[in-house]
Amino acid sequence: MLFNILTIFPEFFDSFLSCGLMAKAVEAGVVEVARVNPRDYAQDRHHTVDDRPYGGGPGMVMGLPTLVAALRGLERPGKLLMLSPAGRPLTQRLAGELAGEGALTLLCGRYEGIDARIFDLFDIVPVSVGDFVLSGGESAACCLMEAVARLVPGFMGKDASAEEESFASGLLEYPHYTRPEVFEGLAVPAELLSGHHAAIAAWRRRRSLETTLARRPDLFDATPLSNDDSTHLRGVARVRPGRNMHIGLVHGPVVLKDGKVGTVSLTNLDVHDIARVSRTYGLGGFEVVTPLRDQLALAARIVDHWREGPGLAANPDRAEALSLVRLHEGLDAALAAVSADHGRPAALLATSARGPATMSFAAARELIASRPVLVALGTGHGLADAVLDRADGILPPLRPFSDYNHLSVRAAAGILTDRLLGDAL
Ligand code: SAH
């Protein structure tokens, strides 16, 4: 693997290339590194590589003439990469892809970055090593080279060692131990001393799952889990508690078809489906609000049928979900009930398909972690302005960039609940 590094600090890489496995790989010819300094291509006496930014602002920008000349002078450029905070995240998967290339050229920015026209002149993939800003691309290039080089055949003593590591299976790795067997009273886990390969493998898999669950649950999104994995996780997972959150299904005041404000009839399906969402996510309750007396009586009959009547015997799961339903004749009564449940005032979050939002989903997740919250959804054409105006926050619309986002209130309740309490957030 040939790495060409374009950098105004070639000496930066001296120690990096002279330590450990990297030094051995360079010596063995598994890795070849060519450092090119754009300054060597400068025409002026000061070997200038930067200039002031058009449009003003602080800092300097790396200019094109020297960089382009340096790039055109490369014998074997291979794939061109630029280290940049605005790049594709460097992951184990990307490292694996790049390890299959014969040669890579790494552009290390300095100052505010590189003149953007470089992307018009060459096919360059920007790569980021994380959501933070470094002063230059050199340390980022070291991360990239090390991650890629160790996947090149011949770099590591045993090729197998890369297969067991973090991310190789899509999960974080299990913990390691070495001698002594007991250190300051701390013993090595018994399973690892058992000598049973299957038992050791199973222990390692479980610990890998637990570490991932605790530190990077988002990785589960991209990793298929076996039934055994899921059973184990169910036993150890502390599911994000949803008790602080209550859904409020508001039938009035809402916007009607003609744009006026009024009340919409209750729908059996809404009550059932949102109750099941509420139970699935462990919500504190499901508050159904309608100012109409006969509708309240109808809702009570529906719910009681399943909670106590013949419905209970026929379908106990349904009864469990519907036991979360409470009926209120106004939003104030619902808020009062939620506040009473938790012994402190509940916040009101409103939802709208139109916006403008006043609270992000991230802020709402934090709010729910710290105090009781009633998340109100409107039937008909959505909550009336009077409800939006009094809310402590209005959540962003779902699918805000689409030209069609007319979801049923049942579907919206499910999606919103997962956004706010989903497992991998
Ligand atoms: N003004 C730029 C930051 C420039 S930092 C911005 O706000 O996005 C100078 C150089 O450091 C960049 O050109 C890039 O090569 C490198 N760099 C900084 N942070 C990096 C990161 N997170 N990943 C990869 N390279 C980075």
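Let me start with two helices: α3 passes α5 in a right-handed crossing. Keep in mind that the model is predicted.

Here α3 covers residues 92–99 and α5 covers residues 138–149. Angles of 65 to 115 degrees count as roughly perpendicular, so α3 is roughly perpendicular to α5. On the α3 side the contact is made by Ala-95, Leu-98 and Ala-99, and on the α5 side by Leu-144, Ala-147 and Val-148. By class, that contact of α3 with α5 has six nonpolar residues, no polar ones and no charged ones.

Next, the second pair. Helix α7, residues 197–215, and helix α8, residues 227–236, have axes that come within 10 Å and cross at roughly 55°. The two helices are therefore oblique to each other. The crossing of α7 past α8 is right-handed. From α7, the residues in the contact are Arg-205, Arg-206, Leu-209, Glu-210 and Leu-213; from α8, they are Asp-229, His-232, Leu-233 and Val-236. That contact divides into four nonpolar residues, one polar and four charged.

Where is Asn-37? It sits between β2, residues 32–36, and β3, residues 50–51. Is Asn-37 buried or exposed? Its relative accessibility is 12%, so Asn-37 counts as buried. The side chain of Asn-37 reaches the backbone nitrogen of Arg-39 at 2.9 Å. Apart from neighbours within four places in sequence, Asn-37 is in contact with Thr-7, Ile-8 and Pro-10.

Conventions: Residues are numbered from 1 along each chain as its sequence is written. This is a predicted model: local features need pLDDT of at least 70, side-chain atom pairs count only at pLDDT 80 or more; totals for chains, interfaces and linings use all residues. Side-chain values use heavy atoms; hydrogens and water are left out. Axes are lines fitted to C-alpha atoms, for helices over the stretch in contact, and angles run from 0 to 180 degrees between N-to-C directions. Helices (H or I, at least four residues) and strands (E, at least two) are DSSP runs, numbered from the N terminus. Angles under 35 degrees count as roughly parallel, over 145 as roughly antiparallel, 65 to 115 as roughly perpendicular and the rest as oblique. A crossing is left-handed if the near helix is turned anticlockwise from the far one by less than a right angle, and right-handed if clockwise. Contact means heavy atoms within 4.5 Å. Ala, Val, Leu, Ile, Met, Phe, Trp, Tyr, Cys and Pro count as nonpolar, Asp, Glu, Lys and Arg as charged, and the others, Gly among them, as polar. Buried means under 20% relative accessible area, exposed over 50%, partly exposed in between (1.4 Å probe, protein chains only). A polar contact is a pair of N or O atoms within 3.5 Å; within protein, one must be able to donate a hydrogen and the other to accept it, and residues adjacent in sequence count only if both atoms are side-chain atoms.
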